Amino acid sequence: MTKPVLTSLALATSLLLSGCANLAPAVPAANPQLNADWPIPALTTGAETPVADIGWREFFTDKQLQGLIEQALTNNRDLRVALLNVEKARAQYRIERADRLPSVAASGGLERGRLTPANGVTDQYSANLGIAEFELDLFSRVRNLSEAALNRYLAQEEARRAAQLTLVAEVANAYLTLTADRRLVQLAENTLKNRQEALTLTERRHELGDLSGLDLSQAQTSVATAQTDLARFRGQVAQDINALTLLVGAPIAPELLPDEVSFEVSGLQPLPAGLPSEVLLRRPDVQQAEYVLQAASANIGAARAAFFPSIRLTGSIGTASNELDGLFDGGTQIWRVMPQLNIPIFQGGGLRAALGMAQADRDIALASYEKAIQSGFREVADALVLTRSLAEQLDSQQALVASASRTEQLSNARYDAGQDSYFELLDAQRTLYGAQQTLINTQLTEQSNRVNLYKALGGGWQQVE
């Protein structure tokens, strides 16, 4: 008695496994129209390891910065949200994938009742094993929905990697900014101390009549300027710590803050940039856009399949008896098969509109993919150009500080010898003070650009122990 059921199940299985027609189009090739090489020669070190494979622990050698990055990767709320989105996408993929397999359920029951007043109470025991509403995926609709969910999950994983890369770079730049502002505080403190000492001497000489009231006023102005700068830089340091705390996601232990006022926070040497086609396609944001494009193409296949007939299979096989102890005896088997054929005839243009929307989503995803590649190319190109420019600026600024320092020393000696006025001495001091501030800011910009180049080349998402 179970032969028809077995035959139907065998037919369904053969249809399922026979290689259903896949109506999804091929994923279109991107054409971002990039140059074949970077705008300046790519930096190389002779190393064969791509930047995307250089872990942040290899790149950032400062132990305190490493501790901050590790803490941020554990506590940062934005990264936590990105991780939860991955979990959500993984669960959605599992749901879609489960639809590709039949749902089998077992049931058992007891039915007790009296059909007519003349009859007594009767019992009916049953046990069944059945398949409910399983769609034979003749045109790969379910398969394409599963493929789309898989690619959305992979896209979310790449989004998490991109979020981690961004977080690592933000923590490093915040650490560099804090270091720079602490150096500015140190510079302002030393300058204020020297100017206060000079003001004390100026006040004595003014009392003796050696200096005019204008000289005294200028000395007081220089002290007030240094005091203002010191207060401003201290405020910036406090804000830098607050910004770093937000990125880390927890209070920062004092030992993790930079104790030495230095910019030597990374082991960055000239990076093996490689060719654009090799570098950009490994960036997490570019790979995320590629998976979104693949998901959109799979959705087109599902939308196309909706135009064709679909077959849903419901069936069960079991046994029934009036006596519980005879439930599995011979002659008690029951079965039923209910295939349902659905043929779309008139949907008011809904199916065609759904297909058009899926195609538009695919075109949007393609444009976004190309834009991601173009944006990545620009980020790398900008950082490479700045690498050369900032190196030249840094050399020039260091030379300017050295020259201004010699000028200040000579002017101070000439002032003590009575050859220069106090105004000329103050001008030399202001020039040196301004050059030192600019040098610190240039060093900050140069180091930040190294971090940005590392990020633009796709490095920083790995954690090398």
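**Figure 1. Overview of the protein chain.** The protein chain has 10 helices and 4 strands, where helices (H or I, at least four residues) and strands (E, at least two) are DSSP runs numbered from the N terminus. This is a predicted model, in which local features need pLDDT of at least 70 and side-chain atom pairs count only at pLDDT 80 or more, while totals for chains, interfaces and linings use all residues. Residues are numbered from 1 along each chain as its sequence is written, and side-chain values use heavy atoms, with hydrogens and water left out. Read from the N terminus, the elements follow the order α-α-α-α-β-β-α-α-α-α-β-β-α-α. Of the 465 residues in the protein chain, 40% are buried, a word that stands for under 20% relative accessible area, with exposed meaning over 50% and partly exposed in between (1.4 Å probe, protein chains only). Among contacts (heavy atoms within 4.5 Å) with a separation of 6 or more, 85% join residues 24 or more positions apart.

**Figure 2. Helix H3 and its surroundings.** Helix H3, residues 63-75, has 13 residues and reaches 18 Å from its first C-alpha to its last, close to the 18 Å expected, the expected span being 1.5 Å times one less than the number of residues. Its buried residues include Gln64, Leu65, Leu68, Ile69 and Leu73, and what covers the buried residues of H3 includes helices H2 (56-59), H4 (77-98), H5 (141-208) and H6 (213-248). At the start of H3, a side-chain oxygen of Asp62 comes to within 3.1 Å of the backbone nitrogen of Gln64. Gln64 counts as buried, at 14% relative accessibility, and its side chain reaches the backbone oxygen of Leu257 at 2.6 Å.

**Figure 3. The largest nonpolar core.** A nonpolar core is a set of buried Ala, Val, Leu, Ile, Met, Phe, Trp, Tyr and Cys residues joined through side-chain atoms within 4.5 Å. The largest one has 69 residues, and those with the most contacts inside it are Phe60, Leu68, Ile69, Val171 and Leu244. At least two residues of this core come from each of H2, H3, H5, H6, helix H7 (276-280), H8, helix H9 (350-416) and helix H10 (422-456), and the largest share, 16 residues, is supplied by H5. Leaving aside neighbours within four places in sequence, Leu244 is in contact with residues including Leu68, Val171, Tyr175 and Leu257. Apart from this core lies another, of 6 residues, among them Leu394, Ala404, Leu432 and Leu439.

**Figure 4. Helices H4 and H5 side by side.** The axes of H4 and H5 come within 8 Å and cross at roughly 170°, with axes taken as lines fitted to C-alpha atoms over the stretch in contact and angles running from 0 to 180 degrees between N-to-C directions. The two helices H4 and H5 are therefore roughly antiparallel to each other, a description used for angles over 145 degrees. Residues of H4 including Leu79, Val86 and Tyr93 meet residues of H5 including Leu145, Tyr153 and Leu167.

Figure 5. Ser140, in the loop between strand E2 (122-136) and H5, has a positive phi of about 60° although it is not a glycine, and at 1% relative accessibility Ser140 counts as buried. Phe308 lies in the loop between helix H8 (284-305) and strand E3 (310-321) and is partly exposed, with a relative accessible area of 35%. Not counting residues up to four places away in sequence, Phe308 touches Leu23, Phe139, Asn342 and Pro344. Phe308 and Asn342 are 34 residues apart in sequence and 8.7 Å apart in space, C-alpha to C-alpha.

Notes
Polar contact = N/O pair within 3.5 Å; in protein donor to acceptor, adjacent residues only side chain to side chain. Parallel < 35°, antiparallel > 145°, perpendicular 65-115°, else oblique.
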